[in-house]
Amino acid sequence: MNTVIDNVDYGPLAQLIGKWSGNTGLDIAPDANANPDESPFTNTLVFTTAGITENAEKQILVAIKYHHVVIKAESGHIFHDQIGHWIFEPETGNIMHSLTIPRGVCLLAGGTYETVDDKTIFDVKATAGSDSYGIVQSPFMLKNAKTNAFQMKMTIKSDELSYHEVTSLHIYEKNFEHVDTSTLQRVTYEQD
Ligand code: HEM
């Protein structure tokens, strides 16, 4: 696959570009007793190029940005909206994933990618309290629904993308593993 777009080599991120859609998602979220509340969902992911960045005249990064919209199957309403960047450092092969959700939570996860046969697997993690790959959250969330960690594995094989993410929460005075999984198909390679 050609990984160069507008003279920028996006490396393993190039294959993400375009629009994806999936209707087999499953969300496991806490309810008021911190019991698992399971909701099937549909979702779309749109990835577009974000160019090259140079840091401190030393570090070269390439990035793509995305918008993830998740709709609860039962109600047809948006119940999760997420924006962020996937970032690749060609010199080291390191991957970063920044994300923001409208609950007052942002994070920067770090990790790597590997290619196994015809699959590319991205694996990133953020941990609360870390000064680098950490989590920033509002005073309300810190007190009532703290995110302690986030781990995401995303696998791309041609026109199929799947992800498995675990958001480790402390909510309703208990620890709770908030898990989201979905498989999406590419709708178009075009950028919006
Ligand atoms: C497909 C992805 C996701 C979906 C569909 C989703 C959906 C949900 C739902 C339905 C709840 C329960 C809300 C309620 O009880 O009113 C929830 C709670 C929560 N989610 Fe997510 N979520 C997703 C990803 C994430 C991510 C990536 C993070 C942060 C890294 C996150 C952080 C939280 C937090 C902190 C809560 C606790 C708030 C609460 O229940 O009061 N979620 N999520």
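Trainee: Which residues line the largest cavity?
Mentor: Keep in mind that this is a predicted model. The lining of the largest cavity consists of Leu-45, Phe-47, Tyr-66, His-68, Gln-82, Trp-86, His-97, Met-152, Met-154, Tyr-163 and Glu-165.

Trainee: Which strands supply at least two residues each of that lining?
Mentor: β4 (36–55), β5 (59–72), β6, β11 and β12 do.

Trainee: And how do the residues of the cavity lining divide by class?
Mentor: There are 7 nonpolar, 3 polar and 1 charged in the lining of the largest cavity.

Trainee: What volume does the largest cavity have?
Mentor: About 70 Å³. The count of cavities of 30 Å³ or more comes to 1.

Trainee: Which of them gives the most to the shell?
Mentor: β12, with 5 residues. The lining of the largest pocket also takes its largest share from β12, again 5 residues.

Trainee: What is the volume of that pocket?
Mentor: The largest pocket comes to about 590 Å³. It is lined by 28 residues, and Asp-27, His-80, Ile-101, Arg-103 and His-178 are the closest to its centre.

Trainee: What classes do the pocket-lining residues fall into?
Mentor: 15 are nonpolar, 7 polar and 6 charged.

Trainee: Back to the ligand itself. How many residues surround the ligand?
Mentor: 22 residues do. Asp-27, His-80, Arg-103, His-178 and Asp-180 are the closest. By class, the shell has 13 nonpolar, 5 polar and 4 charged residues.

Trainee: What does the protein donate to the iron atom?
Mentor: A single donor, NE2 of His-178, 2.1 Å from the iron. His-178 belongs to strand β13, which runs over residues 174–188.

Trainee: What about His-80 and Arg-103, how far are their side chains from ligand nitrogen?
Mentor: For His-80, an N or O atom in the side chain is 3.3 Å from a nitrogen atom of the ligand. For Arg-103, the distance from a side-chain N or O atom to a ligand nitrogen is 3.3 Å.

Definitions and conventions:
Residues are numbered from 1 along each chain as its sequence is written. This is a predicted model: local features need pLDDT of at least 70, side-chain atom pairs count only at pLDDT 80 or more; totals for chains, interfaces and linings use all residues. Side-chain values use heavy atoms; hydrogens and water are left out. Donors are N, O and S atoms within 2.8 Å of the metal (3.2 Å for Na, K and Ca); water is not among the atoms, so sites may look incomplete. Helices (H or I, at least four residues) and strands (E, at least two) are DSSP runs, numbered from the N terminus. A residue is near a molecule or strand if one of its heavy atoms lies within 4 Å of it. A polar contact is a pair of N or O atoms within 3.5 Å; within protein, one must be able to donate a hydrogen and the other to accept it, and residues adjacent in sequence count only if both atoms are side-chain atoms. Ala, Val, Leu, Ile, Met, Phe, Trp, Tyr, Cys and Pro count as nonpolar, Asp, Glu, Lys and Arg as charged, and the others, Gly among them, as polar. On a 1 Å grid over the protein atoms alone, a cavity is a set of points where a 1.4 Å probe fits but cannot get out, and a pocket is an open set with protein on both sides within 12 Å along at least five of seven lines; lining residues have an atom within 4 Å of a point. Grid points are joined across faces, edges and corners, and a volume is the space filled by probe spheres set on the points.
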